[in-house]
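Reader: I'd like to learn how to read helix packing and nonpolar cores in a model. Could you walk me through it?

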Amino acid sequence: LAEAIAAAFPGAQRVAGIEALDDAVLAGATAVIATPGHSHAALAETLLARGADLLIEKPVALDGTGFAKVRAAAEASGRTVSVFKNYRLRPNALKLWQFLAEHEVGGLVAARVEFHAPRLAGERARWMMEERRFRVLPVGQAIHFVDIACVVGGPLQSLDHLAVERRESADATVAIRASGRTTLGADLDMRTDLPRYRVFRDGEYV
């Protein structure tokens, strides 16, 4: 698959890893990180150390420690890091931005994000089937919809309630319920969940 993609872009090449690239290729270049989310932080640190600016598809990291390391690497290198979420550019999101631009709707008062994930068993990317390890529900899927609410209402400022339901036998988070407030004063209620059956673990569905 990598060979086929490289062939579609003149001058592109497939390499086994970043270490196979010459410094001259990366220094002053802009690298796009669009690999599985759990690999982003390590790749970002390596690329920053080698002089590249970064465009990172969410998430930057799976936890605060990883995020702090990327931030420190960016500050040490003096390079620029930009994070993007492609859902903001999808047709339904573009219609929302257009509506907000054309109408005086006032500030957001309250929002409810309710996301019911599809079965992970149907995912083509096998890493996504390991929900707990890679935090697929909150960071890989539901984050898009929380992000839309936060773009309109401001970043999440506080959490008043958080309940997480896990299925230990499948090493998966199956539901997250949370409520809080945004920096612009909007009440935000979030409910996300996975189907309660057949999660991928240790090479099989349980």
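Predicted model: local features only at pLDDT ≥ 70, side-chain atom pairs only at ≥ 80, totals over all residues.

Reader: How many residues does the largest nonpolar core have?

Author: In soluble globular proteins, nonpolar side chains tend to be buried together. A nonpolar core here is a set of buried Ala, Val, Leu, Ile, Met, Phe, Trp, Tyr and Cys residues joined through side-chain atoms within 4.5 Å; buried means under 20% relative accessible area (1.4 Å probe, protein chains only). The largest one has 17 residues. β1, α3, β2 and α4 each give it two or more, and α3 gives the largest share, 4 residues. Helices are DSSP runs of H or I, at least four residues, and strands are E runs of at least two, numbered from the N terminus.

Reader: At what angle do α3 and α4 pack?

Author: Angles run from 0 to 180 degrees between N-to-C directions, with axes fitted to C-alpha atoms over the stretch in contact. For α3 and α4 the angle is about 10 degrees, and their axes lie 9 Å apart. Under 35 degrees counts as roughly parallel, so that's what this pair is.

Reader: And how far apart are the axes of α5 and α8?

Author: They sit 12 Å apart, at an angle of about 10 degrees. α5 and α8 are therefore roughly parallel too.

How values were computed:
Residues numbered from 1 in each chain as written. Heavy atoms only, no water. Parallel < 35°, antiparallel > 145°, perpendicular 65-115°, else oblique. Buried < 20%, exposed > 50% of the residue type's maximum accessible area, 1.4 Å probe, protein only.
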